[in-house]
Amino acid sequence: MPLSEHEQRLLEQMERALYAEDPKFASALEGTGLRTYTRRRVYLAVAGFVVGIGLLMGGMVAQLIWLSVVGFLVMLGCAVLAVTGWRRGAMGHGAGPKAAPAPRRKANVMDRMEQRWQRRRDEHDGL
């Protein structure tokens, strides 16, 4: 849900105040966003996938089926994490932060409700 103009102004004021008070801390916080979290998650999932391959192969060599099954499950889980993280990163972050378009249908419904409310208020005041 997009922020209102008032909320955006308040957020910008808070950001400016943070930069003014402690610019070193503010710049350190800049890099810790959803993009960094998603990238780290994908890297860990790839590393886990490699570990899963090792478990699978080790189970085959040692002829321990349960170890091979665990390795396969680790690979499967990490593949799912990597794909969902990759999709989330690709969809959520294009060329930069984008404002979500305001849904027109909801705005029209709200406008109609406000008009009805105003009409009822005017009729009530006129009586």
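Predicted model: local features only at pLDDT ≥ 70, side-chain atom pairs only at ≥ 80, totals over all residues.
Which helix does Arg116 lie in? Hold that thought for a second, everyone, and thanks for coming. Arg116 lies in helix H5, the stretch that covers residues 104-126.

Let me start with the overall picture. The protein has 127 residues, and its secondary structure consists of five helices with zero strands. If you walk along the sequence, the pattern reads α-α-α-α-α. How much of it is buried? Of those 127 residues, 12% count as buried. The accessible surface comes to about 11000 Å², and carbon and sulfur atoms account for 64% of that surface. As for contacts, take those between residues at least 6 apart in sequence: 45% of them join residues at least 24 apart.

Arg116 belongs to a positive surface patch, together with Arg112, Arg119 and Arg120.

Let's move over to helix H4, which spans residues 65-92. Which residues make the nonpolar surface patch? They are Ile65, Val69, Phe72, Leu73, Leu76 and Val80, and the patch has an area of about 580 Å².

Ile65 is found in helix H4. With a relative accessible area of 66%, Ile65 is exposed, because exposed means over 50%.

Phe72 is in helix H4 too. Here the relative accessible area is 44%, so Phe72 is partly exposed.

For Val80 you can look at Val42: the two are 38 residues apart along the chain, with 9.9 Å between their C-alpha atoms.

My last stop is a loop. Where is Gln63? Gln63 sits in the loop between helix H3, residues 34-61, and helix H4. Its phi angle is near 55 degrees, which is a positive value in a residue other than glycine. Gln63 is also exposed, with a relative accessible area of 69%.

So, to recap for anyone new to this one: the protein has five helices and zero strands. Arg116 is part of a positive surface patch, Ile65, Phe72 and Val80 are among the residues of a nonpolar one, and Gln63 is in the loop between H3 and H4.

Definitions and conventions. Residues numbered from 1 in each chain as written. Heavy atoms only, no water. Patch = residues over 30% accessible without salt bridge, like charges linked within 9 Å, V, L, I, M, F, W, Y side chains within 5 Å. Areas by Shrake-Rupley, 256 points an atom, 1.4 Å probe, with all protein chains shown as cover. Salt bridge = Lys/Arg side-chain N within 4 Å of Asp/Glu carboxyl O. Helix = DSSP H or I, 4+ residues; strand = E, 2+ residues; numbered from the N terminus. Buried < 20%, exposed > 50% of the residue type's maximum accessible area, 1.4 Å probe, protein only. Lys, Arg positive; Asp, Glu negative; His and termini not counted. Charge placed at Lys NZ, Arg CZ, Asp CG, Glu CD. Contact = heavy atoms within 4.5 Å.
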